[in-house]
Amino acid sequence: MSDKQINLQIAATQVTAIQKKIQSVIDKLFDLLENKKIRYSIYAVSMAALFYLPQKTSMYVTEIMTNVWFHVVVCLGLNIIVGFAGLLSLGYAAFFAVGAYTSGIMILRYGISFWLTLPVSVLMAVIAGLAIGVPTLRLRSDYLAIVTLGFGEMVRLAARNMAITGRATGLVGIDRPAFFGITMNKIAHFYYAFLIMAVLATIISSRLQNSRLGRAWRYIREDEDAAEAMGINTVAVRLYAFIIGSVFGAIAGSFMAIKMTAISPDSFTFTQSVMILLAVVLGGMGKIPGVILGAFITVVFPEISRGIGQYRMLIFGVVLMVLMIYRPQGLWPEREL
Amino acid sequence: MILGIKDLTLRFGGLTAVNHVSFTIEQGSIKSLIGPNGAGKTSLFNCITGFYRAQEGEALFRGDSVMRLKPHRITEMGMARTFQNLRLFKNLTVMENVMSGMHCRTSAGLAGAVLRPPAQRAEEKRIRDVAEECMDFVGILDAKNRIAKNLSYGDQRRVELARALATKPQLLLLDEPGAGLNYDEKVQLIELIRRIRDEKGITVFLIEHDMGLVMEVSEKIFVLDYGTKIAEGTAREVQNNPKVIEAYLGKEEEAAV
Ligand SMILES: Nc1ncnc2c1ncn2[C@@H]1O[C@H](COP(=O)(O)OP(=O)(O)OP(=O)(O)O)[C@@H](O)[C@H]1O
Ligand SMILES: [Mg+2]
């Protein structure tokens, strides 16, 4: 063996040794988090910090963090479909379009209070979830991805061509609601609204994950026939994933409508759907903290790298590709079993 | 009679995989289905468990027709199965795998998951208890927190059995449970199948290629060749049946050419 080869071998063993070390540190951290006291103190401290944040930072940071919470909600919603149930979906923007337009139309055209539009938004989300879920019941991943992509475009094109959705201009001048007498007109108000939604979405996701329904999703994700043989109604379980994922998106969309006060078909493009999917995959499909991390990175990275100029998305793309090749399971680490 | 099959016929285009097959299975018995490769054994299983739709015939499970039902409904009625090629949830723990069996015996839904009322917590505990009991029964309780795919092949077979048992079946259909097992594991399997019937009172219907195992464990044997039933009876009767000998020897001669 040449010197070069020997050196390479030494380098390789060093790399695996480092990997082992990292994994053991991660396992220790996980052990630490098993302790409920430690876990809840971490939650409490970070919640306090997050509630305090708008008071201490600029409006710009608050705006970006509001966007992060919005993305956390939609990413957790998509994660139920893609991560928990393993149903590849490329048209998720359609679901928050449904929410945004439902609230927007009711407020703008009929003068209904925003808070009353929320239940309708949920109802429309259920219908949308069924609309995509029922025709695709027999489809497996690749075909499903194509149909969901088509669904996303259909919703966008429908919004573009219907009078009630304001065609290409969309809806402009959606009134902002009041919450206990305070009109929601400051960015901080939306920061808190989206933060609360993100927290609720996290709690609901985590409880779903550790439930009978969450397990059923894992079973169909792993092997649909075996799940059916174990007595699981795979049709119902699949539809539940689409419906719940859709509701997450629609509620986020309703709030987006009042935050922006204007929505148009261009707010719900295929690129949007892809960015959300990307956040989920980047952080780690099916792993809640990973998905939150993914949402954070996909919102914050393009902002902090503004200095790089127009190449930043290219760099982002390359980083993502390298990451997916070496870490297909996503950024969030896992305990070794 | 726990299962009654009458004139069951399944065609794939021009190929008749199951051809007017009729038989019954008595409550509490252990019955085997044998036959050369491609005889239609797995296809017959798939018809009974709802995975394939037979074109003709009738299948009655405890008096009710299962012909038009989906597999999960049939499992719910009390018929569980295993697969010829292991179909575990590979990336999940053994515990989670076995818990899947209890799904059709429990009911918590969305509200239960999110609100976690006492009823849901009690149900979760019951699921775990039953899963542990089933893992203990087949002897893999020690491995409960391991990822299924990391287990030895023999242990994975046990997980599949535990998972089927967790559905609390009355009738258990095993598709070549001995395939890929070594001698010791087969001896243990024979004992396990007996215990499933004797201690749990579950009727067992199995497909098996290993004649030793079949003769040892089953009370009645039923032979399929080219989708047609060619013999039925006790181990001795079947062994001496000229049609069966021909089906097996004929195949071997062809294979030798
Ligand atoms: N889904 C299918 N589509 C078309 N043909 C099929 C299908 N499933 C099985 N067959 C055919 O039906 C016949 C019976 O197959 P089956 O798997 O039931 O045999 P088997 O008795 O279980 O054989 P083995 O001992 O090899 O498991 C074979 O000729 C097979 O090719
Ligand atoms: Mg077979």
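I'll start with A:Asp223, which is buried, with a relative accessible area of 12%. Before going on, please keep in mind that this is a predicted model.

A:Asp223 forms a salt bridge with B:Arg87, and the closest N and O atoms of the two are 2.6 Å apart. This pair crosses between chains: A:Asp223 is in the loop between helix H8 (212-222) and helix H9 (224-229) of chain A, while B:Arg87 is in the loop between E6 and H3 of chain B. B:Arg87 has 26% relative accessibility, so B:Arg87 counts as partly exposed.

I'll pick out two others.

One is in chain B. The side chains of B:Glu160 and B:Arg163 meet in a salt bridge, at 3.8 Å from N to O. Why are these two separated by about one helical turn? Because they are 3 residues apart in helix H6 of chain B, residues 153-165. Are they buried or exposed? B:Glu160 is at 1% relative accessibility and counts as buried. B:Arg163 is also at 1% and counts as buried.

A:Arg306 has a relative accessibility of 46% and counts as partly exposed.

Next, the metal. Which protein atoms are donors of the magnesium ion, ligand 2? They are OG1 of B:Thr42 and OE1 of B:Gln84, lying 1.9 to 2.1 Å from the ion. The pair links distant parts of the chain, with B:Thr42 in helix H1 (residues 41-48) of chain B and B:Gln84 in the loop between strand E6 (79-81) and H3 of chain B, 42 residues apart. B:Thr42 is partly exposed, at 26% relative accessibility. B:Gln84 is partly exposed as well, with a relative accessible area of 30%. The loop between E6 and H3 that holds B:Gln84 also holds B:Arg87 of the bridge between chains.

Staying in chain B, where is B:Thr106 found? B:Thr106 is in the loop between helix H3 (94-99) and helix H4 (110-115) of chain B. B:Thr106 is buried, its relative accessible area being 10%. Its side chain reaches the backbone oxygen of B:His103 at 3.1 Å. Setting aside residues up to four places away in sequence, B:Thr106 touches B:Glu123, B:Arg126 and B:Ile127, and also A:Arg212 from chain A.

Two backbone items in chain B. B:Arg62 is not a glycine, yet has a positive phi of about 50 degrees. B:Arg62 lies in the loop between strand E4 (56-61) and strand E5 (64-65) of chain B, and counts as partly exposed at 46% relative accessibility. B:Glu176 likewise has a positive phi, near 50 degrees, in a residue other than glycine. B:Glu176 sits in the loop between strand E7 (171-175) and helix H7 (183-200) of chain B. At 9% relative accessibility, B:Glu176 counts as buried, whereas B:Arg62 counts as partly exposed.

A:Phe242 lies in helix H10, residues 234-260, and counts as buried at 1% relative accessibility. Which residues is A:Phe242 in contact with, leaving aside neighbours within four places in sequence? They are A:Ile81, A:Leu87, A:Gly129, A:Ile132, A:Gly133, A:Thr136 and A:Leu144. A:Phe242 and A:Ser89 are 153 residues apart in sequence, but their C-alpha atoms are 9.5 Å apart in space.

The patch is nonpolar and has about 940 Å² of accessible area together. Among its members are A:Ile308, A:Tyr311, A:Leu314, A:Val318, A:Val322, A:Ile325 and A:Tyr326. A:Ile325 lies in helix H13 of chain A, residues 312-326. At 61% relative accessibility, A:Ile325 counts as exposed, in contrast to A:Phe242, which is buried.

Key: Residues numbered from 1 in each chain as written. Chains lettered and ligands numbered in written order. Predicted model: local features only at pLDDT ≥ 70, side-chain atom pairs only at ≥ 80, totals over all residues. Heavy atoms only, no water. Helix = DSSP H or I, 4+ residues; strand = E, 2+ residues; numbered from the N terminus. Buried < 20%, exposed > 50% of the residue type's maximum accessible area, 1.4 Å probe, protein only. Polar contact = N/O pair within 3.5 Å; in protein donor to acceptor, adjacent residues only side chain to side chain. Contact = heavy atoms within 4.5 Å. Donors = N, O, S within 2.8 Å, 3.2 Å for Na, K, Ca; no water. Patch = residues over 30% accessible without salt bridge, like charges linked within 9 Å, V, L, I, M, F, W, Y side chains within 5 Å. Areas by Shrake-Rupley, 256 points an atom, 1.4 Å probe, with all protein chains shown as cover. Salt bridge = Lys/Arg side-chain N within 4 Å of Asp/Glu carboxyl O.
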